[in-house]
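Here's a quick tour of one protein model, written for someone who likes cut-offs spelled out. Have a look at the structure first, then read on.

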Amino acid sequence: MLTAHRDEPLRTCPAGRPSAAREQAGAINCAEFVEVVTEFLDAAMGEPTELRCLVHLARCEGCETYLDQFRQTVAAVGAQPGPDLPASARDQLLGAFRSLRRD
Ligand SMILES: [Zn+2]
């Protein structure tokens with residue numbers, strides 16, 4: 001009863017808002033995030049890059065949703081990632097970055 005399609009093509013950021021994707025020091029953009037999302041879930045990237053992803057996620061709802069869906073798909077196909085950061089630490093970081101969000 002598995003309905004996840006693992007050959008579904010990668011989409012670009014669903015939000016597609018230029019302002020959210022604006023490149024800033026220390027952050028990555030939507031296209032970059034989509035490219036590294038599997039590494040992000042596998043904790044296969046260095047911590048600095050992971051933090052840059054978290055900064056982007058805090059700013060971009062589209063990519064946060066994308067990550068959520070991607071994570072669910074990964075779980076559905078039974079390939080559980082082993083993240084470096086515990087989920088609770090990740091959530092705390094996300095919350096911290098969110099509170100720093102400035103326009
Ligand atoms: Zn994005």
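## Ground rules

This is a predicted model, so local features need pLDDT of at least 70 and side-chain atom pairs count only at pLDDT 80 or more, while totals for chains, interfaces and linings use all residues. Residues are numbered from 1 along each chain as its sequence is written.

## Overall make-up

The protein chain has five helices and zero strands, which gives the pattern α-α-α-α-α along the sequence. Helices here are DSSP runs of H or I with at least four residues, strands are runs of E with at least two, and both are numbered from the N terminus.

Out of 103 residues in the protein chain, 18% are buried. Buried means 20 or more other C-beta atoms within 10 Å of the residue's own, exposed means 12 or fewer, and partly exposed is in between, with C-beta atoms placed from the backbone. Take the contacts in the protein chain with a separation of 6 or more: 72% of them join residues 24 or more positions apart. A contact needs two C-beta atoms, placed from the backbone, within 7 Å.

Two packed helices are described by the angle between their axes and the distance between the axes. Axes are lines fitted to C-alpha atoms, for helices over the stretch in contact, and angles run from 0 to 180 degrees between N-to-C directions.

Helix H3 (residues 47-59) and helix H5 (residues 87-100) have axes that come within 9 Å and cross at roughly 60°. H3 and H5 are therefore oblique to each other; angles under 35 degrees count as roughly parallel, over 145 as roughly antiparallel, 65 to 115 as roughly perpendicular and the rest as oblique. From H3 come Leu54, Val55, Leu57 and Ala58, and from H5 come Leu93, Leu94, Phe97 and Arg98. That H3 and H5 contact splits into seven nonpolar residues, no polar ones and one charged. Nonpolar covers Ala, Val, Leu, Ile, Met, Phe, Trp, Tyr, Cys and Pro, charged covers Asp, Glu, Lys and Arg, and the others, Gly among them, are polar.

## H2 against H3

H2 and H3 pack at about 120°, with axes 11 Å apart. That angle makes H2 oblique to H3. On the H2 side sit Phe33, Val36 and Phe40, meeting Glu50, Cys53 and His56 of H3. The H2 and H3 contact has four nonpolar residues, one polar and one charged.

## The core

The largest nonpolar core holds 13 residues, and those with the most contacts inside it are Ile28, Cys30, Phe33, Cys53, Leu57, Cys60 and Cys63. H2, H3 and helix H4 (61-76) each bring at least two residues to this core. A nonpolar core is a set of buried Ala, Val, Leu, Ile, Met, Phe, Trp, Tyr and Cys residues joined through C-beta atoms within 7 Å.

Is Phe33 buried or exposed? Phe33, which sits in helix H2, counts as buried because 24 C-beta neighbours lie inside 10 Å. Leaving out residues up to four places away in sequence, Phe33 touches Ile28, Cys53, His56 and Cys63. Phe33 and His56 are 23 residues apart in sequence, with 8.0 Å from C-alpha to C-alpha.

Val36 also lies in helix H2 (residues 30-42), but Val36 is partly exposed because it has 17 other C-beta atoms within 10 Å. Leaving out residues up to four places away in sequence, Val36 touches Met45 and Cys53.
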